[in-house]
Amino acid sequence: MRVMSETLDPRELALRIRLRAVRMVAPQGFGYLGQALSSAEQVAAVFGAARPGVDRIVCSPGHYIIGPFAAAAELGLVSEGDVSGYGQNGSVFEAIGTERSPVVDYTCGSLGQGLSAALGFALADRFHGSDARIFAMVSDGELEEGQVWEAALFAAHHRLDRLVVLLDANNSQVDGPVDSITTLEPIADKWSAFGWRVFDIDGHDVAGVSGALRAAGAERERPSVLVCRTSTRHGLDCLPPDADGHFIKLPPSLAAAAVSELTGKLEALRA
Amino acid sequence: VREPPYPIELKPYGRALVELARRRADVLCLSGDLTRQTEVDLFQAEFGERFIHGGMAEANMMGMAGALARCGFVPFVHTFGVFATRRPYDQIANAIAYPNLPVRIIGFMPGVSTPGGPSHQATDDVALMRALPNMTVVDVADAIETRQVPALVADVPGPVYVRLKRGEIPVIFDSDHVLRLDRASVVVAGTDVALFASGMMLAAALAASRALGACGVSVSVINVPVIKPLDTATVLAAASAASVRLVVTAENHSIIGGLGSAVAETMAEAGVGCPLRRVGLRDTFAEGALDAFYLFERYGLSTAAIVETIWTALGCSGVPPSVPVVAAGGGEYSPV
């Protein structure tokens, strides 16, 4: 991956990811805005921690690619013009990540596959004698896929300590709240039992996420997972209470209100 | 080609993979808890640092193999063909075939060559892999071809699926036979019937050709080791020869989606109006076996089944010629 060497305050980057995501989704009037809202702090922390040209970023759920796209636009890694084609016919910035998706090293719209790719990267780095880190964004809904647990077993057995999973525990999937469909809890205990180092944290505390990434980087025995407790509505107060977090509807009036709200917050942060 | 009974070899693939690995540091070996069965205990013994136990987790194994290939390695992934294709189909599609990565998926125990029941029979693997864009699909016939496979597929730019017989591998071809990924080859020249065979069915096809030849029916036998991309030029040349009255395919696989389908599609698109018969599993799971011989006979994959198919399709009178069973001693192989 390419990451700009100059850094942006992660709190500001998280805000700008939200604002950019609103602008990317607004032309269609609907889209994966909830994923950007729940993962904005995780994306901001990863883009602050990943070393350009060395470390790798895996965005396992392709629906989350809006976050890395938005971050890349804010960091000048891709042009605003390019990312404005997000989700449009003919654009490489497809709404659900594809092989052509820029910015990340791996993404896939068929869920539950990214952790295995992250393991492959970690093994390749080990063969090459590299200490590169792999940052793997995974969603809680993906934990319903058996492949994730196959990968979790393998990573712990092989002590892939350069690997850190950012698990977006937003309790949202297509059919409703995850916990109304499958009981995943205790999520942290499950990963711990599988041999991982676990950080169970507030996923909207960007300093906390960044700190956990640093601690995971110092780990030399186990892979790490950050169980990031989040909400698909976080940081955008104008959303109606019944907004569908998986696929948020954003009619023009709501989009305008969202831009106004987030612009105001950005100005307040900079003041 | 040799005459039956054929001598057998053990582990021609496993030995050839080790030879490749001696020359190529980028070759990795992954195994899904079937290391000895897929002959890669040889690789593990010599190159333990490049051997990865995937365990019974095919989905994860395919996903890892794809990422390793992205990083410049050439992963050879081993398990039984049925587990290599059905279980991780979505992973192969998304993590290997779509990004067009050089992963080599080696599936042992094709078709009904196992008495392990329908759960262990790779009877639709060719169809599944053939449907994936970028995938090359290989089904070799004997040890001479098998031992050429690792080096031959090593530099294919995209993914390759290879189905290999497990255990005792017959030596059908002469030792100078050259396997090519872009060629089907006419093994026996004939005039009345064009008989296309792949993999384990080559030996039976040759036996059927001999039996029918003795009764005045001239059957050419074309070995098709690569189902995709299909050598359509050779297929069409054989199928559209002026004297040919019948085209037959023989595969240790369902008649849906494999060699028979590939030949049918090629003939139809070229406007070759010759009748076609497909010998293979007739849209069924294969049950009730102590041994593979029983299944080959019961499900119409025997030499006699090929002979009878041709005899009937040509409208020949009388009973079809009986097929002499060539007794195979220890260390020998004859088709059913």
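This is a predicted model: local features need pLDDT of at least 70, side-chain atom pairs count only at pLDDT 80 or more; totals for chains, interfaces and linings use all residues.
**Ground rules.** Residues are numbered from 1 along each chain as its sequence is written, and chains are lettered from A in the order in which they are written. Local features need pLDDT of at least 70, side-chain atom pairs count only at pLDDT 80 or more, totals for chains, interfaces and linings use all residues, and side-chain values use heavy atoms, without hydrogens and water.

**Interface.** I looked up contacts (heavy atoms within 4.5 Å) and found 23 residues of chain A touching 23 residues of chain B. I noted a buried area (accessible area, 1.4 Å probe, lost on being put together, summed over both parts) of about 1,800 Å², 64% of it on carbon and sulfur atoms. In chain A, Glu99(A), Phe127(A) and Glu150(A) lose the most area to chain B, together 32% of what that side buries.

**Salt bridge.** I searched for salt bridges (a side-chain nitrogen of Lys or Arg within 4 Å of a carboxyl oxygen of Asp or Glu) and got 1 across the interface. Arg70(B) and Glu99(A) meet in a salt bridge at 2.8 Å, N to O.

**Cavities.** I then searched the whole structure for cavities (sets of points on a 1 Å grid over the protein atoms alone where a 1.4 Å probe fits but cannot get out; lining residues have an atom within 4 Å of a point). There are 2 of 30 Å³ or more, where a volume is the space filled by probe spheres set on the points, joined across faces, edges and corners. The largest has about 50 Å³, and its lining includes Tyr13(B), Glu39(B) and Lys165(B).

Terms used:
Buried area is the accessible area (1.4 Å probe) that two parts lose on being put together, summed over both. On a 1 Å grid over the protein atoms alone, a cavity is a set of points where a 1.4 Å probe fits but cannot get out, and a pocket is an open set with protein on both sides within 12 Å along at least five of seven lines; lining residues have an atom within 4 Å of a point.
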